Amino acid sequence: MTQSALSKRLLDEYAAVSDSLPTDVVSAERRQEAIQALAARGLPTTREENWRYTNLRPLERARFAPVAAAAAAAAPTVIPAGLDLPSTLTGFARFTFVDGTFAPELSSEHAQAGSTVRNLRRAPESSARRQGSTAGTRPLTAPSGCPEASLALLNEAFATDTALISVRGGTDAPQRVELVFVAVAGADVGASYPRIQVALDPDSRLILVERHVSAGSGASFVNSSVSVDIGRGAHLTHYRLQRAGARSAWLDTLTAVLAADGRYSLLTINTGGLSARSTTQVQMAGPGAELILSAAALGDRQQTQDHFALVEHIAPRARTDQTFRGIASGRARVAFNGKITVREAAAGTDSRQSLRGLLAGPAAEIDVRPQLEIYTDDVRCSHGATAGKLDDSMLFYLLSRGLSPEVAQRLLKWAFLEDVVSKIELPELRRQIEHDLAGQMADAASLKELL
Amino acid sequence: MLKIDNLHVKVDGKEILQGLTLEIPSGEVHAVMGPNGSGKSTLANVLAGRPGYEITAGSVTFQGRDLLALAPEERAREGVFLGFQYPVEIPGVNNVYLLKAAVNAARKHRGLEEVDAFEFLTLVREKMRLMRMEESMLSRGVNEGFSGGEKKRNEILQMLVLEPRLAILDETDSGLDIDALKIVANGVNTLRSPARSLVLVTHYQRLLDYIVPDHVHVLVKGRIARSGDKSLALELERRGYDWVTGEAA
Ligand SMILES: Nc1ncnc2c1ncn2[C@@H]1O[C@H](COP(=O)(O)OP(=O)(O)O)[C@@H](O)[C@H]1O
Ligand SMILES: [Mg+2]
């Protein structure tokens, strides 16, 4: 399909459902603006530099209208029988969204004094209204019109709900919130638009666990958008765990802004989806801000895992520490493109990048790409990027101790992810993730005993 | 135990072992000495089955079987152990996990049940005390961040836990101070038994003061140029390798 035909279909689909889209989530004007901007710009294509490795074909086939609009507007969410959600984490309030819409039956609130979490639809009448604020309608798209963030416009136009998290300062104990997004419907029925807005007041603390899973093996189309605003001296630890169904398209845009001395520890693990793409865009807007971005991706069979991370330093003395570990097995394609821009005003920037890809299949493809754009002399930047196969001498060492080649390879793949997995500070979550990862790697029986 | 006959080995098209013949009976300790580049590590690696070596002629028999026909992991399970000259660091693979996996691989091969976790840890701790290793090293990655001496001690620890029939220790003494050397030698000596053979590959005779060999061989240009008892090592120390290389030339 040509770009213009795709844009036309986008506008048509929007026109058909726009009246049924909730204006308390995004106002009608903003939806209109978003869809126009996106249609004018066009959906991304692989001809664009930073979309080269993405599998964008699902965009051509997807129905853009959301699942919720396909169903009767206020119909209760259909929770599939036998839905197997990840175990809850001790001390975390859980909010579950099914096909982009809040599902209170699957959620468990814990009263937490220092924060407000609400969804914008089907919230108890009072909480959304009482606030009477328009916070939920703040644009989630990138401030600078970054072309890589264009899929956030798609979310903005069609979103059916928003998870709003605001954290107040003044308590030392971090707030703990878990968001679970479940994709159920197939792409032929409609799309799912997870949407999160997080705001941390100065000096506040939040640990946020965000999960994306699928029910059944349906081929879903998920397009999520996350906006993060970290106030002065605030700390956010954010775990993003994507294991969408094996036939799904999962597209994602996250934009974050850090004020002075803000700290953002973002750890992403992408293992699911047939075609997965994450766009992460972080602006170091305040002096002394710190970003620890750690990402792991596993691709097997025909999967595509593509991650583009843009970090922009505009204030002095901020730090970025970026780690990527990706493994491509089977015929999978795994890519990480880490771009760091240091503007004139960002003197004293310290940025480190360690990007590594492991090629674990004869027909697999791996691409790790560091990009540095520096407009000031006063910086310390170190970056390393390697892509290769398993280390022969490590492999031989394990064989020489009697391990079978299969077990040895699996162990080394496991070890390869260690630099990311070891950064998970919650033991309970780390165990869960280790089990998930072990399960993701073929024939994990012998790995499980390791845990 | 081990019989090497007229072994010729090429690396990158260059012949490194040029007709090496050596027999190591059960219960004996043999030292293989030689100048740098004479092919000592090549021999050790070929015995352990490392890829990248082209065997152009000769044979190696281990307990009556064709050793060269076995995959590296099969050799290990049959009781061949190589102590590496340069043990590799494997961050993320837990030391104790590797030990346990190695022990269980050998046990499975012999039709035995997996080792009991508690008994296993007790055994490992005992051997670690013998090697004067900090217990915290168990939970670290294999050789990760270990000093040269710690890596060598870890090799010996693995050997003590695995109890191989044939151990080939490739320059286990190099880079060790005298205290560490004594610890390593003591560890190795506890393993000496009539049912077990040891090959000590070394550049210096110093190790042989602590692990006294039954035989000493000098490897020069890919062949055994001279064999003798432990006094040969002392003579080499006194006269230098030129003495043998000159003779062999
Ligand atoms: N992987 C290799 N590739 C090329 N040459 C090698 C390789 N390994 C060993 N060699 C060569 O083989 C010879 C013997 O090496 P080595 O067996 O390591 O000797 P030693 O252990 O006695 O010092 C040397 O000339 C060395 O350069
Ligand atoms: Mg050597």
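Student: Is Gln85(B) buried or exposed, and at what relative accessibility?

Tutor: This is a predicted model, and the values are computed from it. Gln85(B) has 16% relative accessibility. Buried means under 20%, so Gln85(B) counts as buried.

Student: Why is Ser41(B) called partly exposed?

Tutor: Its relative accessible area is 22%. The partly exposed class lies between under 20% for buried and over 50% for exposed, so Ser41(B) is partly exposed at 22%.

Student: What makes Ser41(B) and Gln85(B) ligands of the magnesium ion (ligand 2)?

Tutor: Ser41(B) through OG and Gln85(B) through OE1 coordinate the magnesium ion at 2.1 to 2.3 Å. Water is not among the atoms, so the site may look incomplete.

Student: Where in chain B do Ser41(B) and Gln85(B) lie?

Tutor: The pair links distant parts of the chain, 44 residues apart. Ser41(B) belongs to helix H1 (residues 40-48), while Gln85(B) sits in the loop between strand E6 (80-83) and strand E7 (90-94).

Student: Why is Asn143(B) called buried, and what is said of its phi?

Tutor: The relative accessible area of Asn143(B) is 0%, and the cut-off for buried is under 20%, so the label buried holds for Asn143(B). Its phi is near 60 degrees, a positive value in a residue other than glycine. Asn143(B) is found in the loop between strand E8 (141-142) and H5 of chain B.

Student: What makes Asp12(B) exposed?

Tutor: Asp12(B) has a relative accessible area of 79%. Exposed means over 50%, so Asp12(B) is exposed. Asp12(B) also has a positive phi, near 50 degrees, and is not glycine. It lies in the loop between strand E1 (2-11) and strand E2 (14-24) of chain B.

Student: How do you know that His307(A) is buried, and which residues does it touch?

Tutor: The relative accessible area of His307(A) is 3%, and under 20% is what buried requires, so His307(A) is buried. His307(A) lies in strand E15 (residues 304-313) of chain A. Leaving out residues up to four places away in sequence, its contacts include Thr268(A), Asn270(A), Phe336(A) and Asn337(A).

Student: What makes the largest cavity a cavity, and what volume does it have?

Tutor: In a cavity a 1.4 Å probe fits but cannot get out. The largest cavity has a volume of about 100 Å³, and the structure holds six cavities of 30 Å³ or more. The lining of the largest cavity draws at least three residues from each of domain 1 (3-286) and domain 2 (390-451) of chain A. Among the lining residues are Arg211(A), Leu241(A), Thr271(A) and Asp436(A). By class, the lining divides into six nonpolar, three polar and three charged residues.

Student: Why is the largest pocket called a pocket, and how much space lies in it?

Tutor: A pocket is an open set of points, with protein on both sides within 12 Å along at least five of seven lines. About 600 Å³ of space lies in the largest pocket. Of its 31 lining residues, those closest to its centre are Asn55(A), Leu56(A), Arg57(A), Pro58(A) and Arg61(A). H3(A) gives the largest share of the lining, five residues.

Technical notes: Residues numbered from 1 in each chain as written. Chains lettered and ligands numbered in written order. Predicted model: local features only at pLDDT ≥ 70, side-chain atom pairs only at ≥ 80, totals over all residues. Heavy atoms only, no water. 1 Å grid on protein atoms, 1.4 Å probe; cavity = no way out; pocket = protein on both sides within 12 Å on 5 of 7 lines; lining within 4 Å. Points joined across faces, edges and corners; volume = space filled by probe spheres on them. Nonpolar A, V, L, I, M, F, W, Y, C, P; charged D, E, K, R; others polar. Domains from an automatic or database assignment. Donors = N, O, S within 2.8 Å, 3.2 Å for Na, K, Ca; no water. Helix = DSSP H or I, 4+ residues; strand = E, 2+ residues; numbered from the N terminus. Buried < 20%, exposed > 50% of the residue type's maximum accessible area, 1.4 Å probe, protein only. Contact = heavy atoms within 4.5 Å.
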